[in-house]
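Welcome! Here is a short briefing to read alongside the sequence and the 3D view. Take a look at the structure first, then follow the topics below.

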Protein chains: 2
Amino acid sequence: MQVYDTTLRDGGQREGITYSAVDKLAVAKLLDEFGVGFIEGGWPGALPTDTEFFRRARNELTLKHAVLAAFGSTRKASLRADADPQVKALLDAETPVVTLVAKSDLRHVEKALRTTAAENLAMVHDTVSLLVAEGRRVFVDCEHFFDGFRFDPEFTRSVVRAALEAGAEKVVMCDTNGGMLPSMITRAIGELGIDVDSLGIHCQNDTSCAVANTIAAVEAGVPHFQCTANGYGERPGNADLFAVVANLQLKLGMPVLPEGCLEQMVRVSHAIAEIANIAPDTHQAYAGSSAFAHKAGLHASAIKVDPLLYNHVDPSVVGNDMRILVTEMAGRASIELKSRELGLDLAGHPEALSRVTDRVKHLETRGWSFEAADASFELMVRAELDQATARPFGLESYRVLVEHREDGAVVSEATVKVRVRGERVIATAEGNGPVNALDEALRVALTKHYPELKGFELNDYKVRILEGSHGTDAVTRVLVETSDGDRSWTTVGVHENVVEASWHALVDALTYGLARSPVPS
Amino acid sequence: MQVYDTTLRDGGQREGITYSAVDKLAVAKLLDEFGVGFIEGGWPGALPTDTEFFRRARNELTLKHAVLAAFGSTRKASLRADADPQVKALLDAETPVVTLVAKSDLRHVEKALRTTAAENLAMVHDTVSLLVAEGRRVFVDCEHFFDGFRFDPEFTRSVVRAALEAGAEKVVMCDTNGGMLPSMITRAIGELGIDVDSLGIHCQNDTSCAVANTIAAVEAGVPHFQCTANGYGERPGNADLFAVVANLQLKLGMPVLPEGCLEQMVRVSHAIAEIANIAPDTHQAYAGSSAFAHKAGLHASAIKVDPLLYNHVDPSVVGNDMRILVTEMAGRASIELKSRELGLDLAGHPEALSRVTDRVKHLETRGWSFEAADASFELMVRAELDQATARPFGLESYRVLVEHREDGAVVSEATVKVRVRGERVIATAEGNGPVNALDEALRVALTKHYPELKGFELNDYKVRILEGSHGTDAVTRVLVETSDGDRSWTTVGVHENVVEASWHALVDALTYGLARSPVPS
């Protein structure tokens, strides 16, 4: 089975993604760690970043499982293949594999390419032959394959045959417009009349069936599939590599990845999201942080009995975890279970459990959410259990100033007035934004008494404007992730003022971190 | 075909969703406008919000296409059906339809319910009989149907038979843990040996195949399917109502909705997202704002020739539009096409087109994105075409102060110093956050010269912390949507300081709006 990844080429078509060459090298390394067989790096010659990627990959990228593929087009209608600079750029990329896109829908040949059916076949034949003669393994991506096959089956078949006769290793059926359903894929492969061993499949997600369509092709015997990490791609995206691979391995018993790779999924998925600068999809199948998160109160009590009855697979086989969510709907059972997960026994304290449940309900109506903020939740539970975590300081007041000066400079400055162990401390600091300035000022004020603060780093800062209210009047929820180098924790703050919301989250973050700090304070 | 929606019950299990009774009434109205046949409103008796919803629905909700269903459980193991308060609450909801959840996996009967197979059958039989005798149409949701059928087919079959014999109209096969693939659904329905006319299907999305699984069941003859709007639901969610319905209507030619309803999709989908307080999934099939958005430079030039060759369906049939995205990868062809969409001719100005392309590339490397900010893009193109939009004022400086005072009050205040038509104006205003204060101060400063500003409202304000950098140091991108009552427009600002980023977006918003204002200024 050939697992072919095109995150770096077709995945880059997703709205919001712009990879640098360095990004591409990092993503390729991650894909290799996940164990894919082929990594399509981009279109050398057409995009300068991609040319640079292939040049640097030769020295900077050591792959354990995968080989690189360069993507490009068949020769231009007017040119000989060996005179086409785009074809030359493909050879210059020096990859073992070249993947060529070819037209296989007669309407696109005539309307977009503005050439004839015969010339299109010659373009496929000439380009594949040249690349094969130069020692390349060649895959041919037949664009608009299924639409073309429906419109004029014989023309589409002729393109497939031309590619195979010229020496292409696989011809890939691309559902470029993404309009197929699984039953249609199965039917088309049957009607095509070409040996399935020489075929591949590439699906877009416009019917929300890209994963199922890919699986349907593999079930029909197709031994090569093209996907992207997290389903990135144009419009609704491509078939998600992670869901396809997990389904094949875990549901159909096909070991498509090398041993030990599947459990890298969550790490690789989230790291690629970070590089692509796309917030991870929390609801993504298998890899999402909510993929095994249970909220229903009904189920939460039964999950205590046997977690495997409530998960379709063991989350650890894809490197994920089960989570219990703290929400109003979940009720007492989930809150108890969540607390147990954090090492706190609420089962023996029914009154504290009621107080926590009431408090969660009350705060949720005001926009708070503890689903992602375990540290803030733990501080609250401890307070209700009379194990209140000592607050490291008391706030008197703070003031934050942002100025856009006449010379165009933008400066942020914060002053905090706090009481620390009986001492009143006033500290001022600058930052590159209002929250950063506040964070800095608080650290200046506290570091004398809590030197371990120097080891804390703010890893992530998320702002969510809660919808349903209007514009800048809306309630703001801030999530802060803090790390001490060994572990990280997340806290939450909610307020109509983003600075005050951030303040709440920052204070919880320091309180939680200092209480758990190994340095005696 | 029975189109059964459970957005208000199972959809509410999604992380982050908490509906009020008023929210539920609004969502039910929207679902009815979309033409579904059944709306499951919630679990009366179990959740106070749901009891309130059904009570108010009787007077406040007039449905054109749908009937309401109340969801609940079969009677408790220890009680007679007519003595079970939960069953009584189902009758008190006074809905024409009641949907009962029943265990159909023997392991869940024994481990979660802690009763016997025989008692479980009696619970199903008694509860269905009672409800039917009270004049209700009854659907039975068989929880963990497919897992149970694999584990002990005869037990699962016996539950289905018990429900049908007691008078249930449909028995719904629920893939509760979401682990199925389409081929498995088709096979199980064949092996079940029950008349497909009495079956329904309910799929979770844990393999990323919920839509395909639902379609597979319908293709096998199942005439009842349960979905949620936008696929909301626990873990990766449920089958997305919109994709399932569009696939059935547009791909398989099954008219499952009343005429005129399908084109309400985008409006209904986005309105429900707003009520659920979930950012719409831009990449959702059919309904997402990117579902028909084209980025590839390669394609953008061909799209000019024939848009239908590049869309799997005409976007307008689901109430969506094709969009051309402005990005580096898209290149000159897309930028030209996008400008044409905005009524600006760049085709005749190749030098301006080059300057715009270069400027977009440069700004994108610094975190800007014009994909959603048409108004900021238009201001930039006009400037390069020497049709620069007159800036309504010049900034000298601004200053924003956020104070958390000793008494706990949090105040925000902004002062702007600007030049407007030769006059120097200094204005100060308060707001409930730093950006709101800045917006207010700017309005105070400008309203004398631009009274039409009073009609502008800030509709939406989005903050995105760009990943890849650390914590509060990160670059911030702000999108502002402004409306003048008739139309709305979106502008963008990027800066490491959230206040300055917001300032850029606010200034573009006013500049654009004033230039287009019908009031002579």
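A residue is called buried if 20 or more other C-beta atoms lie within 10 Å of its own, and exposed if 12 or fewer do. With that in hand, please note that this is a predicted model.

**Chain A as a whole**

- Chain A contains 17 helices and 16 strands.
- The C-alpha trace of chain A spans about 85 × 65 × 45 Å along its principal axes.
- Of the 521 residues in chain A, 56% are buried.
- If you take the contacts in chain A between residues at least 6 apart in sequence, 67% of them join residues at least 24 apart.

- Helix α2 of chain A runs over residues 48-60, and its 13 residues should span 18 Å at 1.5 Å a residue; the end C-alpha atoms are 18 Å apart, which agrees.
- The buried residues in α2(A) are T49(A), D50(A), F53(A), F54(A) and A57(A).
- Looking down the axis of α2(A), you would find these buried residues within an arc of 135°, so they line one face of the helix.
- On the face turned away from the buried side, α2(A) carries the exposed residues P48(A), R58(A) and N59(A).
- What do the buried residues of α2(A) pack against? Their partners in chain A are α1 (21-34), β2 (38-42) and β3 (67-73).

**Two arginines with positive phi in chain A**

- R114(A) is not a glycine, yet its phi is positive, at about 55°.
- You can find R114(A) in the loop between α4 (106-113) and α5 (117-133) of chain A.
- R114(A) has 10 other C-beta atoms within 10 Å, so it is exposed.
- R421(A) is not a glycine either, and it has a positive phi of about 45°.
- The loop that holds R421(A) lies between β12 (410-420) and β13 (423-431) of chain A.
- Is R421(A) buried or exposed? R421(A) counts as exposed because it has 11 C-beta neighbours inside 10 Å.

**P434 of chain A**

- P434(A) belongs to helix α16 of chain A, which covers residues 434-446.
- There are 25 other C-beta atoms within 10 Å of P434(A), so this residue is buried.
- P434(A) and S412(A) are 22 residues apart along the chain, while their C-alpha atoms are separated by 5.6 Å.
- Leaving aside neighbours within four places in sequence, P434(A) is in contact with V400(A), V402(A), S412(A) and V499(A), and also with V402(B), P434(B), V498(B) and V499(B).

**Where chains A and B meet**

- The contact takes 103 residues from chain A and 102 residues from chain B.
- Strand β11 of chain B (residues 394-404) gives the largest share of the side of chain B that touches chain A, with nine residues.
- By class, that side of chain B has 38 nonpolar, 37 polar and 27 charged residues.

**A helix pair in chain B**

- Helices α16 (residues 434-446) and α17 (residues 498-515) of chain B have axes that come within 10 Å and cross at roughly 40°.
- The crossing of α16(B) and α17(B) is right-handed.
- From α16(B), the residues P434(B), V435(B), L438(B), D439(B) and L442(B) meet V499(B), S502(B), W503(B) and L506(B) from α17(B).
- The residues of this contact divide into seven nonpolar, one polar and one charged.
- The 18 residues of α17(B) should span 26 Å at 1.5 Å a residue, and its end C-alpha atoms are 26 Å apart, which agrees.
- In α17(B), 14 of the 18 residues are buried, so the helix is largely enclosed by the rest of the structure.

**W503 of chain B**

- W503(B) is found in helix α17 of chain B.
- With 26 other C-beta atoms within 10 Å, W503(B) is buried.
- Not counting residues up to four places away in sequence, W503(B) touches H404(A), Y398(B), L438(B) and G493(B).
- W503(B) and T99(B) are 404 residues apart in sequence, and 52 Å apart in space from C-alpha to C-alpha.

Notes. Residues numbered from 1 in each chain as written. Chains lettered and ligands numbered in written order. Predicted model: local features only at pLDDT ≥ 70, side-chain atom pairs only at ≥ 80, totals over all residues. Axes fitted to C-alpha atoms, helices over the stretch in contact; angles between N-to-C directions. Helix = DSSP H or I, 4+ residues; strand = E, 2+ residues; numbered from the N terminus. Left-handed = near helix turned anticlockwise from the far one by under 90°. Contact = placed C-beta atoms within 7 Å. Nonpolar A, V, L, I, M, F, W, Y, C, P; charged D, E, K, R; others polar. Expected span 1.5 Å × (residues − 1). Arc of directions from axis to C-beta.
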